[in-house]
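Please keep the sequence and the structure in view while reading.

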Amino acid sequence: MYKQDNERRRNFNKQDKVARQKKSKFFHSSKYTNNRDLSPQAEHLEQAQPEVEERPDRLKGRNAVNEALNAGRPIEKIWLNRNSNFDIGLQRLIAKAKDTGAVIVETDTKALERLAGRNHQGIVAQVAVKDYLDFNELLARANDMPDTEKAEELVIILDQINDPHNLGAVLRVADCVKASCVIVPKHRACTLDMTVAKTSAGAIEHVDCCKVVNLSQAILKLKENGYWVVACDMEGENLYTSQTLTKLKNDKIAIVIGNEGHGISQAVKANCDFCVSIPMYGHVNSLNASVATAIVSYEIKRRRQFQA
């Protein structure tokens, strides 16, 4: 009798083990797991939210963006979930932002999460850390200058500078040479964000920045108001050390610096008065935009101060 009970127990345990194995295979099949790894490590990675640094110049969510617009804060750019075309409330918010001149960029959910984390409600906004100077105000201010100040007037124009570190470094140079303003295009250029402010080492507080829709039209306006516009380009017909800049030492000057990869666009270059180049003696054929700005700006400063 005792042997029979042990035999029954062994058979029962064996059947129970087989049943548990079948059940495990069933619940771990692709039907239930969707071919996903159910290990604890994989589940932890899947549930973890992307770590995004909180930035005071970046707003997420409809209420935050709407309140910023109502308060008159300068919004430079809005990233919008491209699948929200049928969201009436969001479309009204975008229409209000467009009226203020904000650039609208459609993107996907993953990109929005990389920008501002989750709970973005399909919208993230980039707010300028500083107000822009109106272009017409720049012209009016320059025209009201006494002749002694006109002889010191220098404006820096940036064509398609997309790296905020470059823009910040240019603002630092602009403050060092006492340039009155840095002009940037509204499109295809970086904005005045926290990275720019940090890279500028505080210079952003002392240098005006002006944003224009069309650089070529802005250059024509500057020329109409007495500025000589000098492009810094690898194909410039004069070296930056030539006597060309000396002839302009008593005039208002605007210098144009282009993108490191493509230089100054042909449309912008065509409206400049002339081009100067910085010679390259090594293997690399271009300088960082802020370095080129510093070289040409200090040469103009030197000519004005030390040559009669």
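Which residue just after α6 takes a positive phi? The residue is Gly 117, and its phi is about 80°. The model in which this is seen is a predicted one.

The protein chain has 308 residues, of which 44% are buried. Its secondary structure comes to 13 helices and 11 strands. Among the contacts between residues at least 6 apart in sequence, 84% join residues at least 24 apart.

Helix α6 covers residues 109-116, and its buried residues are Ala 111, Leu 112, Glu 113, Leu 115 and Ala 116. These buried residues pack against four strands, namely β1 (58-60), β2 (75-81), β3 and β4 (123-127). Strand β3 comprises residues 103-107, and Thr 107 belongs to it. Is Thr 107 buried or exposed? Its relative accessibility is 12%, and it therefore counts as buried, the limit being under 20%. Apart from residues up to four places away in sequence, Thr 107 touches Trp 79, Leu 80, Asn 81, Arg 82 and Leu 112. Leu 112 is also one of the buried residues of α6.

The packing of helices comes next. Two packed helices are described by the angle between their axes and the distance between those axes. For helix α4 (residues 62-70) and helix α5 (residues 88-99), the axes come within 11 Å and cross at roughly 30°. This angle makes α4 roughly parallel to α5, because angles under 35 degrees are counted in that way. The crossing of α4 and α5 is left-handed. On the side of α4, the contact is made by Arg 62, Val 65, Asn 66, Leu 69 and Asn 70; on the side of α5, it is made by Leu 90, Leu 93, Lys 96 and Ala 97. By class, the residues of this contact are five nonpolar, two polar and two charged.

A further pair of helices is formed by α9 and α13. Their axes are 8 Å apart, and the helices pack at an angle of about 15°. Helices α9 and α13 are therefore roughly parallel to each other. The crossing of α9 with α13 is right-handed. From α9, the residues in contact are Asn 166, Ala 169, Val 170, Val 173 and Cys 176, while α13 contributes Ala 289, Ser 290, Thr 293, Ala 294 and Tyr 298. In the contact of α9 with α13, seven residues are nonpolar, three are polar and none is charged.

Leu 158 touches Leu 167, Val 170, Val 182, Ile 183, Val 184, Pro 185, Leu 215 and Ile 257, when residues up to four places away in sequence are not counted.

Ala 151 lies in the loop between α8 (147-150) and β5, and it is buried, with a relative accessible area of 14%. Beyond its neighbours within four places in sequence, Ala 151 is in contact with Lys 249, Asn 250 and Arg 304. Ala 151 and Leu 248 are 97 residues apart in sequence, yet their C-alpha atoms are 8.8 Å apart in space. Thr 191 is found in the loop between β6 and α10, and its relative accessibility of 12% means that it counts as buried. Leaving aside residues up to four places away in sequence, Thr 191 touches Glu 76, Gln 126, Tyr 132, Leu 167 and Val 196.

Finally, the discussion returns to phi. Most residues other than glycine have a negative phi. Lys 178 is not a glycine, although its phi is positive, at about 60°. This residue, Lys 178, is placed in the loop between α9 and β6, and at 68% relative accessibility it counts as exposed. Arg 188, likewise not a glycine, has a positive phi of about 55°. Arg 188 lies in the loop between β6 and α10 and is exposed, with a relative accessible area of 61%.

Definitions and conventions:
Residues are numbered from 1 along each chain as its sequence is written. This is a predicted model: local features need pLDDT of at least 70, side-chain atom pairs count only at pLDDT 80 or more; totals for chains, interfaces and linings use all residues. Side-chain values use heavy atoms; hydrogens and water are left out. Axes are lines fitted to C-alpha atoms, for helices over the stretch in contact, and angles run from 0 to 180 degrees between N-to-C directions. Helices (H or I, at least four residues) and strands (E, at least two) are DSSP runs, numbered from the N terminus. Angles under 35 degrees count as roughly parallel, over 145 as roughly antiparallel, 65 to 115 as roughly perpendicular and the rest as oblique. A crossing is left-handed if the near helix is turned anticlockwise from the far one by less than a right angle, and right-handed if clockwise. Contact means heavy atoms within 4.5 Å. Ala, Val, Leu, Ile, Met, Phe, Trp, Tyr, Cys and Pro count as nonpolar, Asp, Glu, Lys and Arg as charged, and the others, Gly among them, as polar. Buried means under 20% relative accessible area, exposed over 50%, partly exposed in between (1.4 Å probe, protein chains only).
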